[in-house]
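Good morning, colleagues. Please turn to the sequence and the structure that I am about to show, and then I shall go through several of its features.

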Number of protein chains: 2
Amino acid sequence: MYSVKDLQSLISVEIENEIYSLNQTEPKNLYQPVGYALSMGGKRLRPVMVLMAYNLFSENVENAFPVALAIELFHNFTLLHDDIMDGAEMRRNNLSVYKKYNENIAILSGDAMSIMAYNYLLKCNSTEPAPMIRLFSQTALEVCEGQQFDMDFENRLDVSIPEYLEMIRLKTAVLLACSLKLGAMAANAPEKIADQLYNFGLNLGITFQLQDDLLDVFADQDKFGKKIGGDIVSNKKTFLLLKALEISDDSTKMIILDWMNKSDFDENEKIRAITEVYNKLDIKGITEIYIDQYYKLALDVFTEINLAGETMTELIQLANLIMNRDH
Amino acid sequence: MYSVKDLQSLISVEIENEIYSLNQTEPKNLYQPVGYALSMGGKRLRPVMVLMAYNLFSENVENAFPVALAIELFHNFTLLHDDIMDGAEMRRNNLSVYKKYNENIAILSGDAMSIMAYNYLLKCNSTEPAPMIRLFSQTALEVCEGQQFDMDFENRLDVSIPEYLEMIRLKTAVLLACSLKLGAMAANAPEKIADQLYNFGLNLGITFQLQDDLLDVFADQDKFGKKIGGDIVSNKKTFLLLKALEISDDSTKMIILDWMNKSDFDENEKIRAITEVYNKLDIKGITEIYIDQYYKLALDVFTEINLAGETMTELIQLANLIMNRDH
């Protein structure tokens, strides 16, 4: 069985080959941006999840490369279009696609990536590709729904915690879940186990996003890639903010809302003030409880399906990789 | 066998139902724009082509409704994103989606439509859906390629006629071809006939686009929906313009290029001047020869496959519908 590290190396080589071939393909203004978008990827978490799930049932992980590439293409398509929507000029220390090329090229290259994801999925020589395509396509639509809920939340102050959890389930968790299940399906795994891997990925995905929210405020600046407090500055409706609004008394709530309404402010001052509120309300402790609960839900899967010790180790290694952040 | 008119009515009811259900679906900001985009459609040419091809082999056309809807969703997705890219504020006398809502909503709703097209295709209870999805997905990517070539042409003066024909094959013709072939495949038609219907649609599609180019300049203003000469005003690389640049002598070419370089001009004067050049070069006659040739290529299909008289009549009726314009 391959280690997470092995799988990362294997899929990185595949993606490099894909980028090379994209750069030779006409029309260049369509396919080079696709290659550029793929070249920015970090830990290749989702394709590694495909391969790892496949590897639980079969050694020939190269058979699942097309599925892994499909998921990586789709994920990077969502990042590409999200960057246009968010006006995000940078991604992982590179210019985002719409900044490097232009917005029209970014829209169309994103469209092509989404379609190419299906084409890759169709290359997988599974016995019956339709159920895999059905799961992927359903998941893809859910990711769009999650993104729309997230955008809707920008204009709302009354987002509840259940609404927030549903949004991150759709926007983030289902694609991680789908990655694992597709890998299992490509290896013709028993349906029950494939479903359990889906649940594992789903709960891990929610854990992952909650931790992402937490790290924005409470990470160690030295280890954190971005500036601490970015979500606070932009009034992003994170779990932390929504929980604080939920549990604070009227006067504390006013402090939060006042800061959210300011258009002219010192960023560090705002970060300090909101963090102080979070500390007063022990938002960090509360968030960590949620994180632990979802993490436990994820690991509960192992009590329901029988997995070899080696497999367990790999899945827990994967969970650690995910929780380590830097996606 | 259903007439073109019958099929138009049948699919219109289906689309109305779809719009109604989209308007009830959350998140509303994702699905209402999809319904709005669908509500603007004209003659429903492509879904009618799906149903007609299906109807050549089977009476139960309702079995092909999901495929017809998939094609209509995909086609309207391309219009939606094209309108953003072109900055087109109006579509068929309505505000375009990005104008009615906003650009972010338009990008994301378009993404969802493209994915929903696959979901509809997967609903078709054909014996083997994978080959249908493969054809659709390949076609979808070709449409993106065609759109990129079209955008690339904006910045070029040396576009050759073969390059132009390849662009319209990708941007317009393959989707018409795919619509017919998918209808045939959904009815388990013999592969050879499905392929010939594809060729019929492909050549008809090229004919259709060439006629579209011609009508922009030489249509009867009373019957033409838009202002005559829009392509001339915007320097669009149409067949007419490219042919004129190809065959004109140096002094005539200079007249064209001078008008193309002007940023401040009277639109009617430019239309008059370029039309005069076209008349001098008999661009209308030359374009009509190409139109006739591709139309003949389309009809040649009927000499290779044996079709009942009634079927022939229907397909020629379809060809007339397409050539009638108002897409």
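Helices (H or I, at least four residues) and strands (E, at least two) are taken here as DSSP runs, numbered from the N terminus. This is a predicted model, in which local features need pLDDT of at least 70 and side-chain atom pairs count only at pLDDT 80 or more, while totals for chains, interfaces and linings use all residues. Residues are numbered from 1 along each chain as its sequence is written, chains are lettered from A and ligands numbered from 1 in the order in which they are written, and side-chain values use heavy atoms, with hydrogens and water left out.

I begin with a loop. In chain A, A:S58 sits in the loop between α3 (45-55) and α4 (65-86). A:S58 has 18% relative accessibility and therefore counts as buried (under 20% relative accessible area; exposed is over 50%, partly exposed in between, with a 1.4 Å probe and protein chains only). Its side chain reaches the backbone nitrogen of A:N60 at 3.4 Å.

Next, the helix packing. How do α2(A) and α4(A) cross? The axes of α2 (residues 28-39) and α4(A) come within 10 Å, at roughly 95 degrees; axes are lines fitted to C-alpha atoms, for helices over the stretch in contact, and angles run from 0 to 180 degrees between N-to-C directions. The two helices are therefore roughly perpendicular, the term for 65 to 115 degrees. On the α2(A) side, A:V34, A:A37 and A:L38 meet A:E72, A:L73, A:N76 and A:L80 of α4(A), where contact means heavy atoms within 4.5 Å.

I turn to A:D150, in helix α7 (residues 129-153) of chain A. At 9% relative accessibility, A:D150 is likewise classed as buried. Leaving aside residues up to four places away in sequence, A:D150 touches A:M167, A:K171 and A:K236. With A:K236 there is a side-chain to side-chain polar contact at 3.3 Å, that is, a pair of N or O atoms within 3.5 Å; within protein, one must be able to donate a hydrogen and the other to accept it, and residues adjacent in sequence count only if both atoms are side-chain atoms.

Finally, the two chains. Chain B superposes on chain A by a rotation of 180 degrees with 0.0 Å of shift along the axis, at an RMSD of 0.1 Å. The copies are thus related as by a two-fold rotation axis; superposition is by least squares on the C-alpha atoms of residues with pLDDT of at least 70 in both. Within chain B, the residue closest to that axis is B:A130, at 3.0 Å (C-alpha). Of the interface residues of chain B, 100% are also interface residues in chain A, so the copies meet through the same surface.

Key
Angles under 35 degrees count as roughly parallel, over 145 as roughly antiparallel, 65 to 115 as roughly perpendicular and the rest as oblique.
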